[in-house]
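Please keep the structure in view while reading.

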Amino acid sequence: MKIKAAFFDIDGTIFRNSLMIEHFQKLITFEVIDPEVWYTKVKKVYLEWEKRYGDFEEYLEILAGVYLEELKGVDRSFIDYIAEHVIRLNGDMIYKYSRNQIAWHKDQGHKVFFISGSPDFLVSKMAEKYGATEYRGTLYEVDEDNRFTGNIVKMWDSTSKLRELNDLIDKYDVDLENSYAYGDTTGDFSMLKMVGNPIAINPNRELLEEIREDEILKNKATIIVERKNVIYKLNPLIELL
């Protein structure tokens, strides 16, 4: 018999920030990354975003490149230790709506999958913390000495997520029409479109516009916006300012 499932992105959908950003900051604290790297390569674009002149995706893309370069040659076991520290300190910094939905799906006996562009060593720990059935994250490859090579198998774009989604659907014989997906950016578009119950949580403008332009999604997607202690349920065709 086919099973019902819930597919969750993590950053911006469950977690109220980016796991990679939190990990990057802890790597500086633990002196794996020189603080000078932040000031010379990342701070400017971060401040532009913080003042709402710049774009968060641009900030994240620049930081991701620096992050990857700085991890080359670092022992995986040490990175895992810092990752555990990140989840222990920040793992509860999640949206109330998403926390409730994860609990609801588990109570209903649904399979819960985390599919995220964040590094696999962070996604695995979030999946363990919240009892996900399985997870998929960006794979950071290591060499024979367990050190990062600088090579990755990405998971943040729509095509990559669709590939892993299809693998999980086949493995568990998922009933897509009665399943759920949760995301916040265009990287989650294919995941949202495949299920009968797509939910966009705090979507960025680009995702909201894609939903509005898609004849299928604009009629069945739910938009959730959580701000402070209020959760809003909106129609995808709301006016954009």
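The model discussed here is predicted.

## Positive phi in two loops

Asparagine 146, which belongs to the loop between β3 (134–142) and β4 (148–153), has a positive phi of about 65 degrees although it is not a glycine. Its relative accessible area is 31%, so asparagine 146 is classed as partly exposed.

A positive phi is also found at glutamate 31, again a residue other than glycine, with a value near 65 degrees. Glutamate 31 sits in the loop that connects α1 (19–29) with α2 (35–50), and because its relative accessible area is 70%, glutamate 31 counts as exposed.

## A negative surface patch

Which residues form the negative surface patch? The patch is made up of Glu48, Asp55, Glu57, Glu58 and Glu61, together with Glu206, Glu210 and Glu213. Two helices, α3 (56–71) and α9 (205–213), each contribute at least two residues to this negative patch.

Within the patch, glutamate 210 may be taken as an example; its place is in helix α9. Is glutamate 210 buried or partly exposed? Its relative accessibility is 32%, and therefore glutamate 210 is counted as partly exposed. Patch membership requires over 30% relative accessible area and no salt bridge, and the 32% of glutamate 210 is over that area cut-off.

Definitions and conventions:
Residues numbered from 1 in each chain as written. Predicted model: local features only at pLDDT ≥ 70, side-chain atom pairs only at ≥ 80, totals over all residues. Heavy atoms only, no water. Helix = DSSP H or I, 4+ residues; strand = E, 2+ residues; numbered from the N terminus. Buried < 20%, exposed > 50% of the residue type's maximum accessible area, 1.4 Å probe, protein only. Patch = residues over 30% accessible without salt bridge, like charges linked within 9 Å, V, L, I, M, F, W, Y side chains within 5 Å. Areas by Shrake-Rupley, 256 points an atom, 1.4 Å probe, with all protein chains shown as cover. Salt bridge = Lys/Arg side-chain N within 4 Å of Asp/Glu carboxyl O. Lys, Arg positive; Asp, Glu negative; His and termini not counted. Charge placed at Lys NZ, Arg CZ, Asp CG, Glu CD.
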